[in-house]
Amino acid sequence: MLKFKQINLSLRPISKPRPRSFMGQKRPYNPPQYKTWLKEAKAELKQQWSFEPLKKVQRLDLFFRGAEMGDLDNKSGSVMDAAKNILWIDDNVKVIPNLNLSFKKVKLKDSHIIIQITWEAEND
C-alpha cells in the first residue's frame, strides 16, 4: 500500500553552498547562515514527521516558493541535507529514485517549501 505525506516548511528556499576547505581544516566550511537554516529546517521536519526515516521513497516532489531564483539542484540539496536521517535514511538514488522539482517566484514574505513524499508502507 502506498502512503503519502505533505510537509510544509515555513522557511525560504536557499541554495546549498559549495563546501569550502581551508588549510588545516578536517571538515569543509559551511556559512553560518546555512547552518542556521539547516537547524531550523530539521526542527520543523521533526515536528511534522512521526515515522522512522524511510529506507525507500517511491516519489519525492519538492515545490520551492521563493523570491530568489537559482539552481534547483542546489535548492534541493539544502532540503536533502536537512531531511537526511529524519525523513529518509539517505538521499542517494537507491533510496530516492524519483525526484521532481519546481520553483515559483513569490514575495519574500510568502516564501516556503512544500515536500510531498510517497512511499510503500511495510506490512503493519
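Modeller: Happy to; we can go from the overall layout to the core and then to the charged residues.

Biologist: Is this an experimental structure or a predicted one?

Modeller: This is a predicted model.

Biologist: Okay. How many helices and strands does the chain have?

Modeller: There are two helices and four strands. Going along the sequence, they follow the pattern β-α-β-α-β-β.

Biologist: And what share of the residues counts as buried?

Modeller: Of the chain's 124 residues, 35% are buried. The accessible surface is about 8,100 Å², and carbon and sulfur atoms make up 51% of that. As for contacts with a separation of 6 or more, 85% are between residues 24 or more positions apart.

Biologist: Let's go inside. Which residues touch the most other members of the largest nonpolar core?

Modeller: That core has 28 residues, and the ones touching the most other members are Trp 37, Leu 45, Leu 60, Leu 87, Trp 88, Ile 115 and Ile 117. At least two core residues come from each of S1, H1, S2, H2 and S4. H1 gives the largest share, with five residues.

Biologist: Pick one for me. What does Leu 87 touch?

Modeller: Apart from residues up to four places away in sequence, Leu 87 touches Ile 7, Leu 45, Trp 49, Glu 52, Pro 53, Leu 54, Ile 115 and Ile 117.

Biologist: Now H2. Why does its length agree with what you'd expect for a helix?

Modeller: H2 covers residues 72–83, so at 1.5 Å a residue its twelve residues should span 16 Å. The C-alpha atoms at its ends are 17 Å apart, which agrees.

Biologist: Which residues of H2 are buried?

Modeller: Lys 75, Ser 76, Gly 77, Ser 78, Val 79, Met 80, Ala 82 and Ala 83 are. Their cover includes H1, S2, S3 and S4.

Biologist: What follows H2?

Modeller: Asn 85 follows H2, and its phi is positive, near 70°.

Biologist: Changing topic: how many salt bridges are there?

Modeller: The count is five. One of them joins the side chains of Glu 68 and Arg 12, at 3.2 Å from N to O. Glu 68 sits in the loop between S2 and H2, and Arg 12 in the loop between S1 and H1, so this pair ties together parts that are 56 residues apart in sequence.

Biologist: How exposed are Glu 68 and Arg 12?

Modeller: Glu 68 is partly exposed at 44% relative accessibility, and Arg 12 is partly exposed at 27%.

Biologist: What about Lys 84: which side chain does it meet in a salt bridge?

Modeller: Lys 84 meets Asp 90, at 3.7 Å from N to O. Lys 84 is partly exposed, with a relative accessible area of 35%, and Asp 90 is partly exposed at 23%.

Biologist: And Asp 110?

Modeller: Asp 110 forms a salt bridge with Lys 109, and their closest N and O atoms are 3.5 Å apart. Asp 110 is partly exposed at 36%, whereas Lys 109 is exposed at 68%.

Biologist: Last one, Arg 65. Buried or exposed?

Modeller: Arg 65 is buried, yet it has no salt bridge. The nearest side chain of opposite charge is Asp 61, 10 Å away.

Biologist: Where is Arg 65, and what is it in contact with?

Modeller: Arg 65 is in S2. Leaving aside neighbours within four places in sequence, Arg 65 is in contact with Pro 13, Ser 102, Phe 103, Lys 104, Val 106, Asp 110, Ser 111 and His 112.

Conventions. Residues numbered from 1 in each chain as written. Predicted model: local features only at pLDDT ≥ 70, side-chain atom pairs only at ≥ 80, totals over all residues. Heavy atoms only, no water. Buried < 20%, exposed > 50% of the residue type's maximum accessible area, 1.4 Å probe, protein only. Lys, Arg positive; Asp, Glu negative; His and termini not counted. Salt bridge = Lys/Arg side-chain N within 4 Å of Asp/Glu carboxyl O. Contact = heavy atoms within 4.5 Å. Expected span 1.5 Å × (residues − 1). Core = buried A, V, L, I, M, F, W, Y, C linked by side-chain atoms within 4.5 Å. Areas by Shrake-Rupley, 256 points an atom, 1.4 Å probe, with all protein chains shown as cover.
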